[in-house]
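Take a look at the chain below. We will walk through it step by step, from the whole fold to single residues.

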Amino acid sequence: MLGDKRADTIFFGGDILTVDERRPEAEAIALHGERILAVGAKEEVFAYRGSDTRMQNLESKTLLPGFVHPHS
């Protein structure tokens, strides 16, 4: 874990594409502010769940990383 931080939001329940060759997909992702705390299996990521964590079920939708184009 990243210190004792808990996730603000955990996304799960859909395809999570990581754009990482070593792990192209994940079951869940935990976020705290603008930081990614964990990406991987649900049981690993759910360890970051706190009493105030928003659990966002993707309902079989796909989550992609954000892309920023500096010239737009």
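Start with the contacts. This is a predicted model. Among contacts in the protein chain with a separation of 6 or more, 52% join residues 24 or more positions apart. Now trace the chain from its start. The pattern along the sequence is β-β-β-α-β-β. That comes to one helix and five strands. The C-alpha trace spans about 40 × 25 × 25 Å along its principal axes.

Next, go inside. The chain has 72 residues, and buried residues make up 25% of them. In soluble globular proteins, nonpolar side chains tend to be buried together. Which residues form the largest nonpolar core here? There are nine: A7, I10, F12, A28, A30, L37, A38, V45 and Y48. Another core lies apart from it, with five residues, including F11, I16, A26 and L58.

Leave aside its neighbours within four places in sequence. A28 then contacts I10, F11, F12, I16, A38, V39, G40, K42, V45 and F46.

Two of those contact partners of A28 are F12 and F46. How many aromatic pairs does the model contain? The count is one. The ring centres of F12 and F46 are 5.5 Å apart and their planes meet at 85°, so this pair is edge-to-face. F12 belongs to strand β1, while F46 sits in the loop between α1 (42–45) and β4 (54–57), so the pair ties together parts that are 34 residues apart in sequence. F46 has 28%, so it counts as partly exposed.

Stay with strand β1. T9 is placed in this strand, which covers residues 9–17. Is T9 buried or exposed? T9 counts as buried because its relative accessibility is 12%, and the cut-off for buried is under 20%. Beyond residues up to four places away in sequence, T9 touches I29, A30, L31, T53, R54 and Q56.

One nonpolar surface patch, of about 450 Å², is made by L17, V19, L64 and F67. Look at F67 in the segment after β5 (62–63). With 68% relative accessibility, F67 counts as exposed, because the cut-off for exposed is over 50%.

Conventions: Residues numbered from 1 in each chain as written. Predicted model: local features only at pLDDT ≥ 70, side-chain atom pairs only at ≥ 80, totals over all residues. Heavy atoms only, no water. Patch = residues over 30% accessible without salt bridge, like charges linked within 9 Å, V, L, I, M, F, W, Y side chains within 5 Å. Areas by Shrake-Rupley, 256 points an atom, 1.4 Å probe, with all protein chains shown as cover. Salt bridge = Lys/Arg side-chain N within 4 Å of Asp/Glu carboxyl O. Helix = DSSP H or I, 4+ residues; strand = E, 2+ residues; numbered from the N terminus. Buried < 20%, exposed > 50% of the residue type's maximum accessible area, 1.4 Å probe, protein only. Contact = heavy atoms within 4.5 Å. Phe/Tyr/Trp six-rings, centres within 6.5 Å; stacked < 30°, edge-to-face > 60°. Core = buried A, V, L, I, M, F, W, Y, C linked by side-chain atoms within 4.5 Å.
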